[in-house]
Each structure stands twice: as C-alpha cells, then as structure tokens.
2 protein chains.
Amino acid sequence: MTQQQSGQVMERIEIMLHPRSIAIIGASARLQYGGRFLNNLLEAKYSGSIFPINPRHEELMGVRCYPDVSSLPEVPDLAAIIVPFESTMTVLEECARKGVKTGVIITAGFAEKGTDERKAAQEALCDFTRRTGMRLCGPNCLGIANVKDRIWSCSAALPDIQTIAAGNIALVCQSGASAFGPFLARARDRGLDFSYIISTGNEVDLDTSDFIRYCIHRPEVKSIVAYFEAIRDSDKFRTVAKEALALGKPIVAIKIGRSSAGQRAALSHTASMTGSDQAYDALFKQTGVIRLDDWDEVLDAASLLVKVPPFHKKSIGIVAHSGGVASLLADKCEQIVEVPPPSDSTRQGLEAILKGRGSSANPADITWHAFEEELVDILNLMLNEDAFGGVILGTAGSDNQAKRIIGAAEKTQKPLAMLWTGSEREVKGLKLLQSSQVPVFYSVETLGKAIKASLYYHRIREYYAVEDGYRKATASLPAKFDIPKRKGPLGLMESLELLSSFGIDVPKGGLAHSVEEAENLADSIGYPVVMKVDSPDLPHKTELGLVKTGLHSRVEVENAFREMWERTSTSEASTSIRGILIQEMVEGGIEVIMGIKKDPQLGQVLLFGLGGIFTEVLKDFSLRVCPVNEFDVQEMIHEIKGFKILEGFRGKAPADIAALEKTLLNLSSLAMATKEQITELDINPLIVLPQNKGAMAVDALIVSRQS
Amino acid sequence: MTQQQSGQVMERIEIMLHPRSIAIIGASARLQYGGRFLNNLLEAKYSGSIFPINPRHEELMGVRCYPDVSSLPEVPDLAAIIVPFESTMTVLEECARKGVKTGVIITAGFAEKGTDERKAAQEALCDFTRRTGMRLCGPNCLGIANVKDRIWSCSAALPDIQTIAAGNIALVCQSGASAFGPFLARARDRGLDFSYIISTGNEVDLDTSDFIRYCIHRPEVKSIVAYFEAIRDSDKFRTVAKEALALGKPIVAIKIGRSSAGQRAALSHTASMTGSDQAYDALFKQTGVIRLDDWDEVLDAASLLVKVPPFHKKSIGIVAHSGGVASLLADKCEQIVEVPPPSDSTRQGLEAILKGRGSSANPADITWHAFEEELVDILNLMLNEDAFGGVILGTAGSDNQAKRIIGAAEKTQKPLAMLWTGSEREVKGLKLLQSSQVPVFYSVETLGKAIKASLYYHRIREYYAVEDGYRKATASLPAKFDIPKRKGPLGLMESLELLSSFGIDVPKGGLAHSVEEAENLADSIGYPVVMKVDSPDLPHKTELGLVKTGLHSRVEVENAFREMWERTSTSEASTSIRGILIQEMVEGGIEVIMGIKKDPQLGQVLLFGLGGIFTEVLKDFSLRVCPVNEFDVQEMIHEIKGFKILEGFRGKAPADIAALEKTLLNLSSLAMATKEQITELDINPLIVLPQNKGAMAVDALIVSRQS
C-alpha cells in the first residue's frame, strides 16, 4: 500500500466512525439485526441524520423510512447493509451509484460458509470495492462504534447503551459477538472503557491493520485490544504494529488458532487462511504485540500498560494486609521479576508503623494498617525504595482506603498496581480504584502475565526507540549467484557457496573428482579433513556412510576417496554426484541448527535450535518471521531452554553468540532475497565455536522451487 | 498417630465446630479481634451460650461478661483466646484447670516472629497441649466457622454474615485473612458456598490434615479447598489425602512456596519449615490433590469436580452463540482433550435447527439459537453425541436461557459446563446457573485448568479404586546387607550390590586386584568388558580416565589393568582403592538416571530423568515422594518431555518401560528401607534396554550418613 492509498483509507475510516448521516438498508421494526442497528443509534442519541431503508415501512421507530437508497434526499456518509445475503450486491451497486463512500456489511453468509459459491460471492465484494472505491467493513460483522461521540453503528444487543462510557482503549475485533459481548462486558466490569469498538468480520476490504492504524493515530487512544482469527496481509500488519510501537500505543491481542480445532473454527467462520500458530507467536514477539489467551487477561494487561509507567528495573516490592496474600503475590511475582529485600531505612520506616506486628520484609505484611491512614506512609516508603522498580499492593477496603492508594499513585513515577482481594462484585473502594490511574487485578495469574507483558513491551520499545525512532531491519543483500533453475535440493557445495555469498561462514573446501584432486585439496586445506559425497539426491549422507571425518593424511584421503567413490558409483544416485567434497574439519564447537521454512500466511520463517532431540523431541526451538533484526535474533537465541549450553555448560567455553547472531541475520537476508526461488533451507549443523572464533555452517540442505 | 488418637482428635474437632457454649477470653466492645469474635456469634444468631470474658466489663453487646475463666458458671465447650501475647499461657492454664477441652487461639506473635524467644513461646504451647490434652487451633489464626449451623467462632470482619449461605465445600486454610477474605468473597461471587471455614494459623496442635480428615468424613462435605504454607507432617497428610481420594472428595489446593520470596514469606509468617516446592508438587500428584495458583482457579476447579460426573472419555463437544467464543473455547480445550467432529446424525440434527446459519461442526456456532427454546434440543444433541465425553457451552443470557441449560444438565450423565461470556456482575441468568449443578466458568484459562484437574483426579481415583479400595504402595523389602557404618560415599561394587539386593539389575562383574584376577573375571563374564577403578574417593572416574570400555580380549584387559593400576597407585586416593571392577559391557540401550534425595520436609524423594543436559540444563526430570506405587512411576516416566526418546525415536527400538517401572519401584523400596542410613543415591546411568530386555544400573553413587 502506498502512503497515498493509506491516507485515503484513513480518511474513509474517519468518515465511517464520524458519519454525519447513516443509511440503514434493511432497517426493521423487530429488534433483530436491522432493528437493533436503528435502535442503537436512537438510544445512544446519535445527532446526525438517520435514513432507515425498507420498502415496506413509511416510518420506523419514529424515523422516516425510505424505499431504497436512490430515493434518499442526500448521500449518506455511511451505509449499513443488513439485507438478505442474496440482495447484498444489488444494494451495494445502488450505494455506489448514489455516491456513498463507506459501508458496513452486517449481512453474513459469504466465504465463511466454505462453499465455492459463497467464496465467489465474497470475491465479488472484493471486485466491487476495487471497482467503485467504496470502502467496506465486513461482511459478517456486527458493526462499529465511536463511543466518545456516541455513534453506535452496530447491530449488537445493547440494552444499556446509554450508560456505556468512553475511554482510551480501542477494540478491534474480527469477531463481532466477542467485541460487543464478552470484551465489552468484561471491560465494563473492570471500569475500563473503549474509545472505539470495531468488528471487522470477513475483512473483504478494510482489515484489522487498517483500523488499528487509524486508532493509534487518534490522540484519545492509548492502547489497542485486538482479536484475530487470521492476519491476511502480514506485511501490512507488521508495518502498522511497528508504528504502534513507535507511538507507544501497546497492542494486546488474542489470536485464535493455537489448536487445530480453533483453526478449523476460525477458518470456517471467517473463511480466512490461517498460518502456523508458532509463526504468529513469533510475529507478535517481533512487533511488540502482547499475545494473551483470554478476554480478562487482555484487558488487565492493557490496563497495566496504559495506566502506569514502565518498571524501571526488574524488581518489585509487595505489600498486603495479610501474610497469605503477600505470599501468593510474592510467589507469582518472583517467577517473573526479583522480589528483593528492602533497604534498612525502608525497613525501619515500616517497623516504626508496624511496631512488631506483621512483617517489614518484602513481601511486607502490614496487617490492619492497610485499612488505616498510615497506608499512605507505607506506600510512600515502598514506592521510594530504590530496590523496587514498582510496587504491588494486595488488599480490599473502603472508599477511604481507595483514596489513600490513589493519592500515593499520583505522587510516584513508579508503577503501583493493585491485587483486589475482595469480591469482584464490590462497589465500595473498587469503583474508585477502577476509575483511577491504578491498574486493578483480580487474580495473581493475570497480574503475573500482565507484568511479564509490560516488561517485554518496554524492552522491545527501548530497542526500537533509538535515534530516528526505528532501527532498520537488516536489508536484503544483493544476490551475486545463480540459483539453479531446477526444482529440488541443491548440491552441498553449491548450498555452502550460496550461504557464503550471504556472509555465512563455511569451512574451506572443494570438490574432488579424482584421488589426486582429493589429496591436493586436502593438502591445501590442511589436516584433518572431512570428506562428503556431494549429491543432491543423497541428502542423508551420514546414514549411508558417505561422510568420513578426521582424515589426517594423504593416505587416509586416498583410501576414503576410493571407498566412497566405489560405494556411490554403484548407487542409483550416481548420475547426480557432483564429486566428493573435501572440507576443513571444524572442531571444538557446539552444534546448532538453523533453517528457513515458508509459512502459508506469514512468509519466510527463520528457525533456530540445538537440533536433533532438542528440536524434534523437546520442541526447544525458536522462530521469527523474516526479515529479522538484532533484537529478534538475540531474543531467538536466548528464548530456547538450551541457551545455557551455549553459555558454557560443565566447564565448556562459552560459544560465540555474536557470530551466531550475525549468522541468523545473514540467513534472514538470504531468505528475503531468495524467497521466490527457495522453498526450504536447513543448516545442520552450524558449529558455533568458542567466543571470538566464529560459527560455521558445515552442512546444509537447500531446496529450490521450480522456476 | 494411632487410630485411637485420631478418633480423639475427630471428637474434639466435632466439639470445636459444634460447641454448645463458647468462652471469648479477651472479648471487647470495640470491633477489633475480641469484639468481632463476639459480634460475629451474635450477628449469626449463635444459639448456644456465649461467655465473654473481660475483667473490665460487666456486659458486652448485651451479653453478661465474666472476669475470668474460673468464674464461669459452666465449662465451655470452646474457649477463644484473644488476649495479648504475654497472657496466652496464663489463660490457657486457667482453661485447662477449668476442664475446657478445646481452644482457638487468635492471639499472634509466636514462632512467626522468627526470634528464639517467640519460637520458645510456641514450643511452650506444644508442651501445654501434650500435657493437658486440651486441643488447640492456632495460634495466629482467625478462627473457625461452621456455616451450616451458623456458628462463626472467628475474628474476621464479616459485615454481611447473616447472608452467607452454607454449601458443600470445606475450606481449610493456613492463612486466616485469605480464608475469610478472598476465598470467601470469590466463592460468594461464584455462588459457591462453604460448609466449614477453618483457619489453622501456626498449627501448634491440630493441623490442616486433622481438619481435612474431619471434613471429608462429614456427609455434607463434597470437596475440600485448602491453602498451605507448609505441611508439617507429610505422612499424616498423605494418609488423609488418600482417604479423601478413596471417599471421592477432591482436595483442591494452593500451596505457597513456588518462589524463594514466597517461601520466605510463608516461613516468616507461620514459622513453618518449607520443603522443596517440586517435592510438594510430586506429593500432591501422588495423592490426587489438585494444585492450582489462584483463589479463582481453585474454586472453579472445585466447582467442576463437585458438580459434574467425570469425563468418560478425553473428548469434548463445544457449542457457543458466537464463532469467536467457539474458537476461543476450542483452542483452549484442544490443548487438553480432543475436540472431535460430531457424527453425521448429530450434524444433521444441528443443521435442521441452524438451517445454514452458524456452524454444525465441533465447535458448533449456534448463533442466536442460543437464546431461543431450541437451545434445549441443541444441548441434547451435543450431550447425546457418543464422540463427546462432555460438553462446554459458551454464552450468556436470560433466566429463561439458564433454565434451559439447567434442564439439559439434569437429564444427562455427562458433564455439561458453561463459559459465561457476560459480565461477572450480572444477575440475570447467571445467578440461576450458579445455584444449579452446572459449573460456571468466567475465563477459558481457568476452565482449561479445571478440565485438566478433573481428568487427572478421576484417573488417579480409578487407579486407587481397585478391589478393596486401595492398592498398597510397595512395601519396604527387608535389608539383607550391611550399609558401611562410615560417613561418605560407598565404593562402586558395594553400591551395585546394595542395588542388586533390592532387585535392581546390575551387570555381571567383580573386583580384581591383579592382572590374573582381572583376566579370569573377564573370561567368566564374557567379552567385551568394561573396567572401572573402584574407590569411594574417586567418584568422577570417567573424567580421570579411570574407566575403560569395550575391552575385547585378555591382552586388552591386561594392558588396561596395568595402566589403571599405575595411574591410581600414584594418586592420593590410592589407599581407598577397592580394586578394579571388571564389568559386563551393556550395549544398545538408552541411558537414564534415577536417584534419591532427602527433602527436609517430605523425606526421601525419588528422581527420574534422562540425565546430563536433559536433567541439568533443561530441567526435564520428574520427582515423587517415597514410597511410590505403579501409578506414580508410570506418571513419572510419562511426564518428562523426553519420554518420546524412550518410546523409540528415529527408528530406535522402544525401551523396556516395564523394567524401568520395576527399577523405580525397587529404588523406592530401597529408599524407604535405608532412610536412616543413606543421605543420597544416584544411579547414573541406568541403561534401559529394548522391550523385554530389562534395565541395568551400570554406575551408582551412594552416600552413607554417619551412624
């Protein structure tokens, strides 16, 4: 999308969310989709013009009704399409003729039905929007709401619409029933309010990324809560997510598809192609999008991110009115951050208040002092403690207690969050806290996840905040080589040359076709050497005895050459043999693997792990979507459990992590440069030598696609 | 504890929870601990006699007050002690003289303070209870409540005590503020009610296990919710937990101490010694205790366990009013169970209702039909589907909807649970559901954990339900050997003999002290052989080159013997050398490790893993507290991630799992039989041969303790 196109999209979304007039095609008297749309606008006291369209009514809910779009007295800013499936295209064409610029299609029954006919009907909508320039939200959505301006262009059942307050979180959600259902209900339980609620449905035109981009540029929006079934255009999403990161507007999201049943469900009901769940995880990590699994988790994490500054160090002070609550908090927090002891002066300050009751340690058990005036002093002591990067208070009490907490929060630059230990139905104390800048949690599990999210978010943000706001992801290197134009695996020598041309170190080596060549190569490389039969048709060389290691002399090389040559010349693959690779023997490092796979939805995905059992049985590997940058590769290397092996395990020297990072970056460049030519690439193994000694790809399998 | 002693304890707890009269020593007019205790009894309309004791009052809250225990007109069934720390022992002695049989000590300031003086004061309470036979709850607790009979013997602040209903869950909690605070508040939010609420404090006499035992034998109690900071007597706990398992009364628990901060907090505030958290995890797994991390999680899991029958197969049908909710549920459920497609007839039944809307797959998206009469038919179709072991419904609606759901649940033998997608503050629909037999969840995360808990609970219960209700844990074998009476490591040969005497297979072998002996041994064992210097002072033989493998002839044995003998005779450890072990070489198996460690709180703990990097770096090992039974060792073997390696990885033959199980059982017997003599034992490696070929301990380190 060009900047100009993006600008047009933003203008149209602006109109959609701030229409001066709305036509409701399919408005009805009964409170079903069409009736609810009209009713919501009326109940919320929409101040623009409403044009219900229904040929069977003169008037609906006291509003004059029109038989069709063409008879409208003006061109409405927004058309809501709530007609039977079969009539959708007809009314859209009418809208286009009238000059309507934006539409929300509530009507369902398109690609989500899974039949070819319905997929074609959805394709026709795509054609329509490209052809006419009318921008669409949906189909199969529930509509959109601009909460601040009380414009509820949606078919959701919202009996208490008048009491819904506006806030600073924008909700962008592929599931309409989730947006106006659990997301809205749970947010209101928490005293969290939305600025916009946008359900995107099948996203035939405008998609989640478009709406997120619009929202992050609105000053009233501080954070995005999103729900994805699939991301159709991952490049656009990536760009938008990074814009959000640069603007400091966190995106907290649920993404369906962790399981095959979830993927099936997502597929069937929005008809979107889903990519590998692990690749989505990677993409979110790379873009600072916080992925969680539950409405409550997402909302609570957004609340922490929006309401308080980042933890300036990874340590927390804990205070509660009960030892039991304090312990529960300490247990959870210490799985994520440090829970260090307070300094002597803080301790003495607490002791002066507690006078021997409870505990002045961390966690602090302040007993009934939590309910008294001195809570303010206690919180100030904890918040001023240098050892603590933030403070968590676990208690529940009166409005007076709430005011003391809010007062302490207002005076600090550190995050102060609260675990509410009372009823979630409580009003006393809780309502005040919920409407304050103190993020309130109800369960230690959710609190723990939110703290983790906050630390990660601010860490990635710091990385991206250097200089001009962005450090560029590694650019693609120009390719100086030809990738063979045949389908299937490359030879080993050409694979290594390809890696080498992208700056990935490989051992010295060359192909020999005779004993003499072999001996001369070995002499020039230096002993010991490794010998490998190089044939694209024999990828599993080791199993076939076509690899010999630790050859120390011309004689050994000669014997090995003769034996291997004989063995392969009788095999079926003999015609494809390129020669025997004589290779420098790389010793004393740690073997890892890295590779590139193509995800159907997200493109080239980079894999890193320790290989063998670690990768295949223990699933201890990390992924990132290409291209990657330094932050990504550092995270990739550190997030595998086996990282400790690279750090130096049982007296082994630490591995050259810098070389490993560089190799991953180069491999990502290769992936981007060759994405049209290469379907799969595995370096197995890459030997990571001790610090400052580098890393070398000693074997590789590269599969070229038919050109 | 003998059965008689246990019987006496049960009688006394019966009195404590059903007292006909209660003395409140330290009753006061102000609503602090003493005043609240009196006030709670009055507000809850306690029907027995109340004797406030306070020399400064004639009357308190309209009740006649006494100056001291001795002036009471009768012997109260229960004495509440709410006096300053210093007076505790004086009033207790007075109670004993009066003949009071049970007491609840609210007073705090004992061992939880951590000073020697206060620990001694707590020790004095122990002496007192042993000496006088008066049974105590506390100190440092908040009291106990018999909710059914409205006897609230507690100092908690409970403004709405009259509205608290009685239910079938007993709450036994080491933290008083947690019991009467978040546990009670969150249970009430959920419409879950307690039969008893017992806060045990420092447990100077009666402990959590005693109260749990009492509760599980009460017919009105269906489940226990517990909160532990430490388990003082793990044998007693184990016995009680297994009784609960046999009775089918699930224990769902929080145990503090996952982190060191949590452990510190637990230590400081109940002054209990904590064991290793992982060992507690193991103990809970072995006894069917469901361990979770949060009040909400614990309560929701208890609700599922109490309200519905077990899932008769590991598969679930999912139905929701929205595709988004359906997907979210499917994603979470499929991480735990299967989410299989429905049969054609179910699908057709659903289609007949949905008529092309939504989805008749699994998960089923039933759109607005969730809010109509036909929900009953839909639920019946799902519940009658053979492919589903149970059904989860995600929606939120009116009282009418709730009645339909409850009706369907009443007619099925399968579990039907609900994910409530509305506000947690809702009354409409939700209150009816909460008071029904349908367990209601509010988050998919918690639902997932509860389903997992239920599956595990019923699996372990099935194991224990054979024949006479219990399969005996493997008995200790009689020891036929002498463990050396010196402190420190045993020699390798004696270690292997010790293992062998407990039925653990070891390779053929013997100690040689001369070349001739070595050669003769090797001949009789058969080649190849392994040779190892056997010295308790040289546990790291391999690193020192004191192990030779794959020796194929007398000549190789001779050379090896000479070389090893020379190398060791010059070393410092030469005096402790027992000889050179000539051992059968075991080939072609998978190496694992197993061992025994002593946990300070829970005793002998059995460890199993794949050894090396798997155990040390990836922490992929499993633990169980000894003794273990077949269920335990099967779980131990299956729960490590590396289990797949044992099943046969990359064409390798599957390992002899049965032999592995037997070895673990035998090692547990050894641990129990030698717990006084052995502090540590490691078999490293045990070689597990292919199926039916057995498993052999080829090396071991056993450390004897000073006798």
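Guide: The notes below cover the ground rules, a sheet and some backbone angles. This is a predicted model: local features need pLDDT of at least 70, side-chain atom pairs count only at pLDDT 80 or more, and totals for chains, interfaces and linings use all residues. Residues are numbered from 1 along each chain as its sequence is written, chains are lettered from A and ligands numbered from 1 in the order written, and side-chain values use heavy atoms, leaving out hydrogens and water.

Visitor: Which strands form the open sheet in chain A, and in what order?

Guide: Seven strands, ordered β9-β8-β11-β10-β12-β13-β14, with mixed pairing. Strands are DSSP E runs of at least two residues, helices H or I runs of at least four, numbered from the N terminus; two strands pair if DSSP finds at least two bridges between them.

Visitor: What stands at the edges?

Guide: β9 (151-154) and β14 (290-292) of chain A; each has a single partner strand, so one side of each lacks a neighbour in the sheet. The twist averages 15° from one strand to the next; axes are lines fitted to C-alpha atoms, for helices over the stretch in contact (heavy atoms within 4.5 Å), and angles run from 0 to 180 degrees between N-to-C directions.

Visitor: Which residue is the bridge partner of A:Gly143 in β9(A)?

Guide: A:Cys154. β8(A) and β9(A) pair antiparallel over four bridges.

Visitor: New topic. Where are the cis peptide bonds in chain B?

Guide: One joins B:Asn362 and B:Pro363, with omega about 5°. Another runs from B:Tyr527 to B:Pro528, with omega near -5°.
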